[in-house]
Amino acid sequence: MTNIKIAIIGGSGLSNLRGLTDVRREVGRTPYGDPSAPLTIGRLGDNEVIFLPRHGLSHQIPPHQVNYRANIWVLKSMGVEQIYAVGATGGIDPALKPRDIVIPTQLIDYTYGREQTYYDGSNLLVEHIDFSHPYSEKLRQRMIEAAASAGIDVFAEGVYAATQGPRLETAAEIDRIDRDGGTIVGMTGMPEAALARELEMQYALVSLVVNPAAGRAGEAIISMSEILEHLEAGMLDVCRVFEAMLRTAK
Ligand code: HPA
C-alpha cells in the first residue's frame, strides 16, 4: 500500500464513490466547526481514499454555506496530500456541451462573504500564498491520463469562474465572465482551492458541464430537470476516470 493519501471532494451528483473496499466512516472535528459530513475512508487499488461530500450527506448545504475551512482542515488533519475536487458547471465556451468534463487550468473568483482564509488575523499570522497557478499540474495530468486510459474525452484546459449563487447568473453576468476569460462557471470552486494551497495540499478540479450557462442556449431558460439528468449520467464518467486514476495513482 502506498502512503499517499488522496481525498475526493464530491459535488452535486457525487455523494458516494463506487468501488471502495474496507470502508469506514469517521466524524472529524476542526477549530473551524464541523465539516460537511463524516469522512468515508476506503481503499481503491493500492490507495487509501477519503471521500467528503461537499454539500452534506443529503445535499442539504448550499454553495455559499459550505464550511470550506472545516472541510479542507479535516482532510489535512487526516494526512491528505492530494485533493481531487468535483464540481458541476455551466458551459460558457461554445465548444462545451452538457456532460463534457473539463480539467481547468485557471480560476477567477467572483464569490463574496465566504470564510476564505486561515490567515484571518485571529492567529496573528499574515501570509500571502502564491496562487498564480491555482491547480496542481501533477494532479491535472493524472486525471487527463486516467481519462485517456478509460477512453473518456476531457477538455484539458479551461478557466473556472466561481460565482456566489445559489441563484444562477444573468446572461449579462455570463457575458462579463466570458470577456474576463472564464470558460466554465460554478459556485463551489472557491475558496476551496485557495484554502488547500494555504495548507500546502495539492488540489485539482474535475468539472462536469451540466448546462449551457445563462444566455448561451438562445432564449431557453436553464431547467433543473435537465441539469439533474446530465449530472446523473455525467458523474458516471467522472467516477470511471477516478477509478482509472486511483488504480494507478502514485
Ligand atoms: N452557473 C453556476 N453554477 C453552476 C451552473 C451554472 O450555470 N451549472 C451548474 N453549476
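These legends describe close-up views of a predicted model. Residues are numbered from 1 along each chain as its sequence is written. In this predicted model, local features need pLDDT of at least 70, side-chain atom pairs count only at pLDDT 80 or more, and totals for chains, interfaces and linings use all residues; side-chain values use heavy atoms, without hydrogens and water.

**View 1. The shell around the ligand.**

A polar contact is a pair of N or O atoms within 3.5 Å. A polar side-chain atom of N211 lies 2.6 Å from a ligand nitrogen. For E169, a side-chain N or O atom is 2.8 Å from a nitrogen of the ligand. G90 uses a polar backbone atom, 3.3 Å from a ligand nitrogen. Taken alone, the ligand exposes 260 Å², and the protein buries 93% of that (Shrake-Rupley method, 1.4 Å probe).

The ligand takes up the space of the largest pocket. A pocket is an open set of points on a 1 Å grid over the protein atoms alone, with protein on both sides within 12 Å along at least five of seven lines. A molecule sits in it if more than half of its atoms lie within 2 Å of its grid points. Helices (H or I, at least four residues) and strands (E, at least two) are DSSP runs, numbered from the N terminus.

**View 2. The D120–R69 salt bridge.**
D120 and R69 form a salt bridge, with their closest N and O atoms 3.2 Å apart. The pair links distant parts of the chain, 51 residues apart. D120 is in the loop between β7 (106–109) and α2 (137–149), and R69 is in helix α1 (residues 68–77). The whole structure has 14 salt bridges (a Lys or Arg side-chain nitrogen within 4 Å of an Asp or Glu carboxyl oxygen).

**View 3. Backbone exceptions.**
Most residues other than glycine have a negative phi, and most peptide bonds are trans. A cis bond joins G165 and P166, with omega about -5 degrees. P166 is in the loop between β8 (159–162) and α3 (171–180). The bond from M190 to P191 is also cis, omega near 10 degrees. P191 lies between β9 and α4 (192–198), in a loop. D22, in strand β2 (residues 21–26), has a positive phi of about 50 degrees.

Methods:
A polar contact is a pair of N or O atoms within 3.5 Å; within protein, one must be able to donate a hydrogen and the other to accept it, and residues adjacent in sequence count only if both atoms are side-chain atoms. On a 1 Å grid over the protein atoms alone, a cavity is a set of points where a 1.4 Å probe fits but cannot get out, and a pocket is an open set with protein on both sides within 12 Å along at least five of seven lines; lining residues have an atom within 4 Å of a point.
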